[in-house]
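Hi there,

Here is the structure I promised to pass on. Have a look at it first, and my notes on its salt bridges follow below.

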Amino acid sequence: MKFSLFFFANGDDAAEQYRLLLEAAGFADAEGFSAVWTPERHFHDFGAPFPNPAVTGAAVAAVTSRVDVRAGSVVLPLHDPLRVAEEWAVVDQISGGRAGVAIASGWNPQDFVLAPGNYADNKRAMREGVAELRALWAGEAVERQGPRGEARRIRTHPRPRQEHIPLWITAAGSEETFTWAGREGCGVLTHLLGQSWERLEDNLVAYGEALEAAGHGVEQERVSVMLHTLLAADQAEAVAIARGPLTEYMRSSMSLFGLKSPESAPGQVAPEALAELLDHAYEEYARTRCLIGSVDSCLPLVESLAELGVDEIACLVDFGVGTDQVLDGLKTLSRLRERCADL
């Protein structure tokens, strides 16, 4: 099992977020982690430090020498693939051929002020964009309209180091998305937020079958699962440190976790009832869907994921825990990584 670091930017202190990113990237590079993922987020305090993963990816590439540098994810319908190909070729050059990109279709209407025409059919735009991105990466030209209405054939520069761009498709739980990723020979980047273990297993079966049916080799099967992560020497210590930040995230994004507010009276939610719901949800989530605990307590979850065919855990480390606590926890996480190297 491989381990990578995944950033999601739960915080509005950009300078501190970048300190965590670069110090954690250096640690990952030295300690044998597989990759560092940075996201694309727009127009909100949540995730504010990460509007463009190519920019943060270039920064990671410049301070590392071994670890892969990935977008988690590029929301492709928001952009012309010409720009995505240009930017990630730069990352590929700076990194010496270590770039990789997860592609998402997007969902937030506010984000689509960048490309309002693609909102209604964002999945079609994503799929067409993937085809163009691959063609541009391979050195082919695509057609665009010039300022006088004329057709122009455009190739992008600089040329990347890698012959083919490594792609993942971000899949929240739709079997259709997993199947399409398999047909395209892409990896999948997924999570266990609103997706049950049973749904994940079924989706990975569909993904593998689609890969095989499309004639892609077994080496094309790449499954990364994002998990909230905080390890400590003692399980109870890690659970206590993560409780406040992760509970607050659950409070702000209840639908993402499949939670419904308890109703005490029409239009009202009793604070005590909500606190009880969130506390129970946190205990269950931390125990069954996160790497929050000690090496020994987290090992069974990693083993279960390996049995499903997952080959990489993308460890989401920046969900509100203090920077120095996160960096200290990476040392214990690396010990778990060593224990799981042969899974």
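This is a predicted model, in which local features need pLDDT of at least 70, side-chain atom pairs count only at pLDDT 80 or more, and totals for chains, interfaces and linings use all residues. Residues are numbered from 1 along each chain as its sequence is written, and side-chain values use heavy atoms, leaving out hydrogens and water.

There are 19 salt bridges in the structure (a side-chain nitrogen of Lys or Arg within 4 Å of a carboxyl oxygen of Asp or Glu). In general, side chains of opposite charge can pair when their charged atoms come close.

One of them joins R19 and E23, with 3.4 Å between the closest N and O atoms. These two residues sit 4 residues apart in helix α1 (residues 14–31), so about one helical turn separates them. Helices here are DSSP runs (H or I, at least four residues), numbered from the N terminus. R19 is partly exposed at 27% relative accessible area, and E23 is partly exposed at 41%. (Buried means under 20%, exposed over 50%, and partly exposed in between, with a 1.4 Å probe and protein chains only.)

Another salt bridge pairs D68 with R70 at 3.4 Å, N to O. D68 is partly exposed at 28%, whereas R70 is buried at 4%.

R134 and E184 form a salt bridge too, their closest N and O atoms being 3.2 Å apart. This pair links distant parts of the chain, 50 residues apart: R134 lies in helix α4 (residues 122–137) and E184 in helix α5 (residues 175–184).

Finally, salt bridges with shared partners connect E16, R19, E23 and D324 into one network.

Best wishes
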